[in-house]
Amino acid sequence: MTCDVAVIGAGPAGLAASVAAAAAGLRVVLVDAGDRLGGQYFRHPPDALRTAGPDVTPHGWAEFARLRDALTDHVAAGRVTHLAGHSVWYAEAHAVGAGARFTLHLNGTGNGTGAVQEMRSRTLVVATGAHDRPLPFPGWDLPGVLTAGGAQALLKGNLVVAGRRIVVAGTGPFLLPVAAGLASAGARVEGVFEAGRPERFARHGVRFLRNAGKLAEGAGYAATLLRHRVPFRMGHAVVAAHGDDAVESVTVARLDRDWTPVPGTERVIECDAVAVGYGFTPQMEIPVELGCATRTDADGSLVVVVDAAQRTSVPGVYAAGETTGVGGVQLALAEGELAGLAAAGELGVRTARPPRRLLARRAGLRDFAATLQDAYPVRPGWAGWLRPDTLVCRCEEVPYGRLDEAVRDLGATDPRTAKLISRVGMGWCQGRICGYPTACLTARIRKREPDRTDLAGFARRPLAQPVRLGDLAQSTADDGTDPADRADRTDLAGLADEPDGADRAEEV
């Protein structure tokens, strides 16, 4: 299969990019691991369930419906191929003259066959989104402790409430819609505990006032919490969870400005579920695999460097949405549309110049995103919540004491070496959950701040997504070689490099 533009991810950014490119007359293939359009933000239950439970329609649904309907029309006209239930496990770029060509290796898990396929494209838009960023604390491995996004996904996608008595904790505005949705669905939300402090918000009063729509949305969530009598506490966090076979209660403490618990402020709250979230981690496997330049964003995330047209440092590759910096659905929509238009322009298709209103909207939304990142920082005192036996990596059951030993006593100088020594990040999630805290803890033990190279270590993988060996064994590339063998000769060899060599490769 060959197309003009391949778009990875069918969330807000990917949808907007696909519709913009298809409207310009290009052949588009939209690849997404989900069964339904919308990504995480516009996640919705099957039609058969929509009338059987609470209303979980997210803000901006009308814009999603417009894009969905436009995409459906383009699919019917043959301009778009939507590959639902397909993941990209490997991507490679080939230099062709002054341009670039790309081969994506897909795993068709959605149709039940697990068949490995290849597709080629002239340009590529990466809109892979982000996932929750939790921080470890004693007891976070107990059943019933979920990420905030996990609790919301259960509700929005399946109309399932995570528990009857739920505590919501972490930092960032995402806690509000999660708690409001759970309360509206019938759960008893025992409290929302925001680790940030009020004075952070006073510094940005004018910028917040310039975004009346966001303020109105937040006020709606606040009204819902007030109506359901949900306590909201700033400067507080869940510092431990307790229970035998499942979570039964949590310890909440007031934090100082560094997020160190204030002695004597601890209290225990009974609950059967906890939803925690400290921001989001962009999904960077594909951009890093392709060699796109990266940077560390204000919230500490590794993100892709893009120009005004959403171009990355690799010719022909564009990025939009959370991969360029976590900024919300409206920013993702604007960036996706710009990326689709820019890809069309690169292929010589005449399109109207991006309207100034769209460019101005993106600039304003990026400014607001930067404001939120400054207002909701993750402070280093959270590491003081940990005990030596607190698990950092839940998949491999690696405690903080073992990670500390790997760095302090066994010579690990970076997260990648700590991973090899302690097995942190080697489990099922491949460091997607524990990668950020591991990078922060490794740097803290070495008495320095985490940087881009620390974060890139967990995003650099020869295989971007899980793929079964049996499926690879049945797949043969057009040139007669197994694509898994090709990956072994190129990327797997790079894992033997010294860390500083890998860091230099990352900057290409």
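**Reading the cores and the parallel sheet**

Q: Leaving aside neighbours within four places in sequence, with which residues is Trp382 in contact?
A: Contact means heavy atoms within 4.5 Å. On that basis, and with neighbours within four places in sequence set aside, Trp382 is in contact with Leu135, Pro136, Asp258, Trp259, Pro437, Cys440 and Leu441. This is a predicted model, in which local features need pLDDT of at least 70 and side-chain atom pairs count only at pLDDT 80 or more, while totals for chains, interfaces and linings use all residues. Residues are numbered from 1 along each chain as its sequence is written, and side-chain values use heavy atoms, with hydrogens and water left out.

Q: How many residues does the largest nonpolar core have, and which have the most contacts inside it?
A: A nonpolar core is a set of buried Ala, Val, Leu, Ile, Met, Phe, Trp, Tyr and Cys residues joined through side-chain atoms within 4.5 Å. Buried means under 20% relative accessible area, exposed over 50%, and partly exposed in between (1.4 Å probe, protein chains only). Here the largest such core has 73 residues, and those with the most contacts inside it are Leu104, Leu124, Val250, Trp259, Trp382 and Trp385. Helix α14 (residues 435-445) supplies the largest share of this core, five residues. Ala10, Ala70, Ala332 and Ala342 are included in a second, separate core of 34 residues.

Q: In what order do the five strands of the open sheet stand?
A: Helices (H or I, at least four residues) and strands (E, at least two) are DSSP runs, numbered from the N terminus, and two strands pair if DSSP finds at least two bridges between them. The order is β8-β15-β9-β10-β11, with parallel pairing. Because β8 (145-147) and β11 (232-234) each have a single partner strand, they stand at the edges and one side of each is left without a neighbour in the sheet. On average, neighbouring strands are turned by 20° against each other, direction ignored.

Q: How many bridges pair β9 with β10, and how many join β10 to β11?
A: β9 (residues 165-170) and β10 (residues 188-194) pair in the parallel sense over six bridges. Arg165 has Arg188 as its bridge partner in β10, and the partner of Ala169 there is Phe193. Phe193 also stands opposite Arg233 in β11; three bridges join β10 to β11, which run parallel. Six of the seven residues of β10 are buried.

Q: Which strands do helices α4 and α5 lie across?
A: Axes are lines fitted to C-alpha atoms, for helices over the stretch in contact, and angles run from 0 to 180 degrees between N-to-C directions. Helix α4 (residues 148-158) lies across β8 and β15 (273-277), at about 85° to β8. Helix α5 (residues 175-184) lies across β9, β10, β11 and β15, running at about 175° to β10.

Q: Is Gln310 buried or exposed, and is Glu397 buried or exposed?
A: Most residues other than glycine have a negative phi. Gln310, in the loop between β18 (302-304) and β19 (317-319), has a positive phi near 70°. Gln310 is buried, with a relative accessible area of 0%. Glu397, in the loop between β20 (391-393) and β21 (398-399), has a positive phi of about 55°. Glu397 is exposed, with a relative accessible area of 55%.
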